[in-house]
Amino acid sequence: MRPVNLKVPSPQTISSSVITDQTNSEPSVSSSLVTNRIQRRSSSTGLSSQATPQAARVRRIGLFRGRNPLRIFSIRGTGSPTRLRQSHVGGVWEFFNNGLFRFTPRGIGTVVRSDFFPVVGRYASNRRRISFRGQRLSQNSFGTGGGVFINGTFTRSRNGRVTARIVQSTFSSSAFVGIGGGISTGSQNTFNFAIRMRRRGRLLRPRRNRRR
């Protein structure tokens, strides 16, 4: 399969309160918990709890949860591998029928910044692969900002296991006035890693052999 180039969408509305779930029920990822998390997040994600005509037709068709093992291939910057594992092992990936996905890591507000996550973006898929790309940016009135970019693929092997190969880049910047003028500082961390996934829903579902 040729790589899929996906453009990150402008902020769009996915209403947590009206999304219908076509995945298998999973108590630890109930729609009410997701709704409560989203309502506490910044509106910069484009997520909203308000119903709209477009949002009323949005359905979740795939759900994946990160699990061990998580293998890191490379690190650029001073990012923490421990925090990466804490946020992605148990993190939830939701895929919707309108071509959008949402990644909600574990530890929002403690392990990862609440103004960086959840991340929303676009994806394309076939029976054995999902390609995705998303971002979230944050900025405040004090001159500080940053964001996260995430892209990669979910692949189903012949034995039915699903593995995600992910590149996640996080950057932050700040500006202040010093002697002689403005001063700006910043940092960037990039992880290239793979993680096993637990699947729910119809995306990447193995095809059953028909009896003759």
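This is a predicted model: local features need pLDDT of at least 70, side-chain atom pairs count only at pLDDT 80 or more; totals for chains, interfaces and linings use all residues.
Local features need pLDDT of at least 70 and side-chain atom pairs count only at pLDDT 80 or more, while totals for chains, interfaces and linings use all residues. Residues are numbered from 1 along each chain as its sequence is written, and side-chain values use heavy atoms, with hydrogens and water left out.

**Overall fold**

- The chain has two helices and nine strands; these are DSSP runs numbered from the N terminus, with helices being H or I of at least four residues and strands being E of at least two.
- Reading from the N terminus, the order of elements is β-α-β-α-β-β-β-β-β-β-β.
- The chain has 212 residues, of which 40% count as buried; here buried means under 20% relative accessible area, exposed means over 50%, and partly exposed lies in between, with a 1.4 Å probe and protein chains only.
- Taking contacts with a separation of 6 or more, 64% join residues 24 or more positions apart, where contact means heavy atoms within 4.5 Å.

**Nonpolar core**

- The largest nonpolar core has 29 residues, and those with the most contacts inside it are Phe64, Trp93, Phe95 and Phe154. Such a core is a set of buried Ala, Val, Leu, Ile, Met, Phe, Trp, Tyr and Cys residues joined through side-chain atoms within 4.5 Å.
- Strands β2, β3, β4, β5, β6 (129–139), β7 (145–156), β8 and β9 each give this core at least two residues, and the largest share, four residues, comes from β9.
- Leaving aside residues up to four places away in sequence, Phe64 touches a set of residues including Trp93, Phe95, Phe154, Met197 and Leu204.

- Phe193 lies in strand β9 and counts as buried because its relative accessibility is 0%.
- Among the residues that Phe193 touches, not counting those up to four places away in sequence, are Leu70, Ile72, Phe73, Leu84, His88 and Ala164. Phe193 and Ala164 are 29 residues apart in sequence, with their C-alpha atoms 8.3 Å apart in space.
- Leu100 sits in strand β4, and its relative accessibility is 1%, so Leu100 counts as buried. From Leu100 to Val120 there are 20 residues in sequence and 7.0 Å in space, C-alpha to C-alpha.

**Salt bridges**

- The structure holds three salt bridges, each defined by a side-chain nitrogen of Lys or Arg within 4 Å of a carboxyl oxygen of Asp or Glu.
- One of them joins the side chains of Glu94 and Arg60 at 2.9 Å, N to O. This pair links distant parts of the chain, with Glu94 in strand β3 (residues 92–96) and Arg60 in strand β2, 34 residues apart.
- Glu94 also meets Arg102 in a salt bridge, at 2.9 Å, N to O.
- Together, Arg60, Glu94 and Arg102 form a network of salt bridges. Glu94 and Arg60 are both buried, and Arg102 is buried too.
- The side chains of Asp115 and Arg113 meet at 2.7 Å, N to O. Arg113 has a relative accessible area of 37%, so this residue is partly exposed.

**Backbone features**

- Asn68 and Pro69 are joined by a cis peptide bond with omega near 5°, and Pro69 is found in strand β2 (residues 59–76).
- Phe117 and Pro118 are also joined by a cis peptide bond, with omega near 0°; Pro118 is in the loop between β4 (100–104) and β5 (119–125).
- Leu204 has a phi near 60°, a positive value in a residue other than glycine. Leu204 belongs to the segment after β9, and counts as buried because its relative accessibility is 2%.

**Largest pocket**

- About 350 Å³ of space lies in the largest pocket. On a 1 Å grid over the protein atoms alone, a pocket is an open set of points where a 1.4 Å probe fits, with protein on both sides within 12 Å along at least five of seven lines. Points are joined across faces, edges and corners, and the volume is the space filled by probe spheres set on them.
- The lining has 18 residues, and the closest to the pocket centre are Arg83, Val111, Val112, Thr170 and Asn189; lining residues have an atom within 4 Å of a point.
- At least two lining residues come from each of α2 (81–88), β8 (162–178) and β9 (181–201).
- By class, the lining has seven nonpolar, nine polar and two charged residues. Ala, Val, Leu, Ile, Met, Phe, Trp, Tyr, Cys and Pro count as nonpolar, Asp, Glu, Lys and Arg as charged, and the others, Gly among them, as polar.
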